[in-house]
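User: I'd like a close look at one part of this model, with a bit of context around it. Here it is.

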Amino acid sequence: MTNTGKSLTESVYFSVRDDILTYRLKPATKLNIASMAKARGVSLSAVREALARLTSDGFVVNEPQRGFRVASVSLADLLDLTERRVAIEGQCLLRSIQNGSLAWEGRVLASLHELSRTPVHLQNEFNPAWINTHVRFHATLVEACDSPWLMRIRELLFIHSERYRVLSIHLDRPHLDAEHHHIAEAAIARDTERAVALLAEHVKLTAQIILQSESDGRASPFLG
């Protein structure tokens, strides 16, 4: 494939992934390759290759004789994902704090500032730019981790957790900015135990909010 082809596939991949993360493409929705290619002005092969990558990453399911559909979300998946992410991301943060330089501290503060200035909502609708800023903040926290394998696993777990975070955005979470601030503050203070504990609490709270909404009858209709 040419560099142009790779670039197109990458563009389609992130475009579709953003649509999945923000529920513009609903869970279990069947994906029409021809329609997607036409809407994005790309070839059928670019869409197929992007969907193959999304399938590998768990965002899309390829069913024999039925084609591609968006992967479903569920409470069981949320709980499993949360437990695995707490374990893996906690290890990444610990090693990042141990290895991070003064320049890393500066990048953590800069990414925190960017996140605090990016609104979660725009005109009463979810702001997709917030997801990207949120991803960058958490990635910066752990970027000094010296284990490539931990980082690869962590990245996949994190981006899947964003699907559930979006479901919790409209629910009551008034201290989200403070949560991020306290994690960053503990990290640059090299208070490893506190930073890891705050991160675990931060991750688990998303699941707790969604589970509480389910018991209160306010759960998302997408959750099985």
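Which helix is Glu-10 found in? And once that's clear, walk me through how α8 and α9 meet.

Analyst: Bear in mind that this is a predicted model. Glu-10 sits in helix α1, which covers residues 3–21. Its relative accessible area is 35%, so Glu-10 counts as partly exposed: buried would need under 20%, and exposed over 50%. If you jump 134 residues along the chain from Glu-10, you get to Ala-144, and the C-alpha atoms of the two are separated by 26 Å.

Now for the helix pair. α8 takes in residues 176–188 and α9 residues 192–215; their axes come within 8 Å and cross at roughly 155°. Since anything over 145 degrees counts as roughly antiparallel, that is the label for α8 and α9. The crossing of these two is left-handed. On the α8 side, the contact is made by Leu-176, Glu-179, His-180, His-182, Ile-183, Ala-186 and Ala-187, while α9 brings in Arg-194, Ala-195, Leu-198, Leu-199, His-202 and Leu-205. By type, that contact splits into eight nonpolar, three polar and two charged residues.

Zooming out, the chain has nine helices and four strands, running α-α-α-β-β-α-α-β-β-α-α-α-α from the N terminus. A compact globule of 224 residues would have a radius of gyration near 17 Å, and the chain's 18 Å agrees with that. Its C-alpha atoms fill a box of roughly 55 × 50 × 35 Å along the principal axes, and 44% of the residues count as buried. Among contacts between residues at least 6 apart in sequence, 75% join residues at least 24 apart.

Notes:
Residues numbered from 1 in each chain as written. Predicted model: local features only at pLDDT ≥ 70, side-chain atom pairs only at ≥ 80, totals over all residues. Heavy atoms only, no water. Buried < 20%, exposed > 50% of the residue type's maximum accessible area, 1.4 Å probe, protein only. Axes fitted to C-alpha atoms, helices over the stretch in contact; angles between N-to-C directions. Parallel < 35°, antiparallel > 145°, perpendicular 65-115°, else oblique. Left-handed = near helix turned anticlockwise from the far one by under 90°. Contact = heavy atoms within 4.5 Å. Nonpolar A, V, L, I, M, F, W, Y, C, P; charged D, E, K, R; others polar. Rg over C-alpha atoms; globule rule 2.2 N^0.38 Å.
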